[in-house]
Amino acid sequence: MNVKQPVLGPSGTLFFLVIVSAFPPLTTDLYLPALPTMVEMLNTTQTMVNLTLSVYFVTYALGLLFWGPLSEKFGRKPIMLLGLGIYVVASMLCAMANNVEMLISARLVQAFGGSAVTVVATAIVKDLYDGREREKIMATIMSLVIIAPMVAPVLGAFLLKIGSWHMMFIALAIFGALSTVLACGFRETIEQRYTGSVLRSWGRLAVVSNNPRFISLLLIFTLPPMTLMSFLAAGSYIYIDGFGLSEQTFSYAFAFNAFFASFGPTIYIKLSNRVKVSNIISVCYLILMFIGVLTYNIGHLSPWLFACLAAPATLMVIVTRVPGINLMLEQQTSDTGSAVAVIQFCSMMAGAIGMTLVTLHPDNLIHSLAIIQFSIGALASIMWYLAKNKAYVVDHLTTP
């Protein structure tokens, strides 16, 4: 560990990091069961309702670039508390929205606040842990955070049954308020703050982006999340409109996907004790390609067959997430906040592109998703093959 453990203690710190890392999946997945219903209730179109997702992700991605460098100058805790305050207020505005335009605007503000929370959470992990220990902590956080996508759609479907989609955003406001209470008990983790101006702190993004080793790995490991976001955008329409499942049954299918994915970080940690990490990553990308082929040809036959293909595709991306983030962070000895911001920005932008591409042909969502899975798997495989034997990669890979 790099610095003194915060006042919450080791277990409290881990719990806190899990909670604040759960913001992105909880904020998106909670209201997924309501998407088809919201089209009718808000008297709008599927495209407009999907904007509440895509606008969120684009704004969230830009917010990462705004907040990440500022956390180097002003500290992790002040930025997190400010972000939480914005998030809570915006969630209440979402709950009060009576038209899709107001909802989209409120989601934009919600994304801006939420991005501060998650960029700081990842930077804190880099502040506190090194090397293999960091990988284990990230794996533990990811495994527990994935509980959010399992629980969120089920909870969302329940809230939809007893009330309306407005209640989902009230629940998010409460979650944000509880997280704020935890954040107040957290001690600052950054030892040396950036002493330049605010404008120059944002200029550190350019410094990070000029690191060729960092950028080469960024291209490899930020593309696969596109497949996850594509599934996120298309899943409710495939299950509910395409296969005719109820909102509640959809939530179970979605939870199954998240449950399967929750084993990803643990699988990586176990396998990396016996198998070369470079081989694990290579196999994951090849399997993603193969799943894309299967999804294209047989994914439309039944909802449960589709679920059994979507789950391992998600698992492959999650397994590569732990070593990918760690490898990228190892390329930076400073400017952690800016590096995390760039990593998460690129992942979210790739996801936003995936969410747009998969809905270009709304009558054939399964085929669109399959093409994205295969294409991303193939591209990532090629780029990883070219990079995996480079010294800056080999020197930071875990050896069994």
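# Notebook: helices and their contacts

**Entry 1, helix α1.** I began with helix α1, residues 9-21, which has 13 residues and reaches 18 Å from its first C-alpha to its last. That is close to the 18 Å expected at 1.5 Å a residue. I note here that the model is predicted.

Next I asked which residues of α1 are buried. I found Gly9, Thr13, Phe16, Leu17, Val18, Ile19, Val20 and Ser21.

I moved on to the loop between α3 (35-41) and α4 (46-74), where asparagine 43 lies. Its phi is near 55 degrees, a positive value in a residue other than glycine. Is asparagine 43 buried or exposed? I looked up its relative accessible area and got 73%. Exposed means over 50%, so asparagine 43 counts as exposed.

Two packed helices are described by the angle between their axes and the distance between the axes. I looked up both for helix α12 (residues 225-242) and helix α17 (residues 336-358). The axes come within 7 Å and cross at roughly 45 degrees. The two helices are therefore oblique to each other. The crossing of α12 past α17 is right-handed.

I then listed the residues in this contact. From α12 come Pro225, Met226, Met229, Ser230, Ala233 and Ala234. From α17 come Ser347, Met348, Ala350, Gly351, Ile353, Gly354, Met355 and Val358. I sorted them by class: ten are nonpolar, four are polar and none is charged.

I noted a right-handed crossing for α10 past α17.

Which residues make the contact between α10 and α17? On α10 I found Ser201, Arg204, Leu205, Val208 and Ser209. On α17 I found Ser338, Ala339, Ala341 and Val342. By class, this contact of α10 with α17 has five nonpolar residues, three polar and one charged.

I turned to α13 and helix α16 (residues 303-330). Their axes come within 8 Å and cross at roughly 35 degrees. The crossing of α13 and α16 is right-handed.

The α13 side of the contact holds Thr249, Ala253, Phe256, Asn257, Phe260 and Ala261. These meet Trp304, Ala307, Cys308, Ala310, Ala311, Pro312, Thr314, Leu315 and Ile318 in α16. I sorted this contact of α13 with α16 too: twelve nonpolar, three polar and no charged residues.

What does phenylalanine 260 touch, not counting residues up to four places away in sequence? I found Ala311, Pro312 and Leu315. How accessible is phenylalanine 260? Its relative accessible area is 31%, so I logged this phenylalanine as partly exposed.

Last, I looked up a distance along the chain. Phenylalanine 260 and asparagine 279 are 19 residues apart along the chain. Their C-alpha atoms are separated by 21 Å.

Technical notes:
Residues are numbered from 1 along each chain as its sequence is written. This is a predicted model: local features need pLDDT of at least 70, side-chain atom pairs count only at pLDDT 80 or more; totals for chains, interfaces and linings use all residues. Side-chain values use heavy atoms; hydrogens and water are left out. Helices (H or I, at least four residues) and strands (E, at least two) are DSSP runs, numbered from the N terminus. The expected span of a helix is 1.5 Å times one less than its number of residues. Buried means under 20% relative accessible area, exposed over 50%, partly exposed in between (1.4 Å probe, protein chains only). Axes are lines fitted to C-alpha atoms, for helices over the stretch in contact, and angles run from 0 to 180 degrees between N-to-C directions. Angles under 35 degrees count as roughly parallel, over 145 as roughly antiparallel, 65 to 115 as roughly perpendicular and the rest as oblique. A crossing is left-handed if the near helix is turned anticlockwise from the far one by less than a right angle, and right-handed if clockwise. Contact means heavy atoms within 4.5 Å. Ala, Val, Leu, Ile, Met, Phe, Trp, Tyr, Cys and Pro count as nonpolar, Asp, Glu, Lys and Arg as charged, and the others, Gly among them, as polar.
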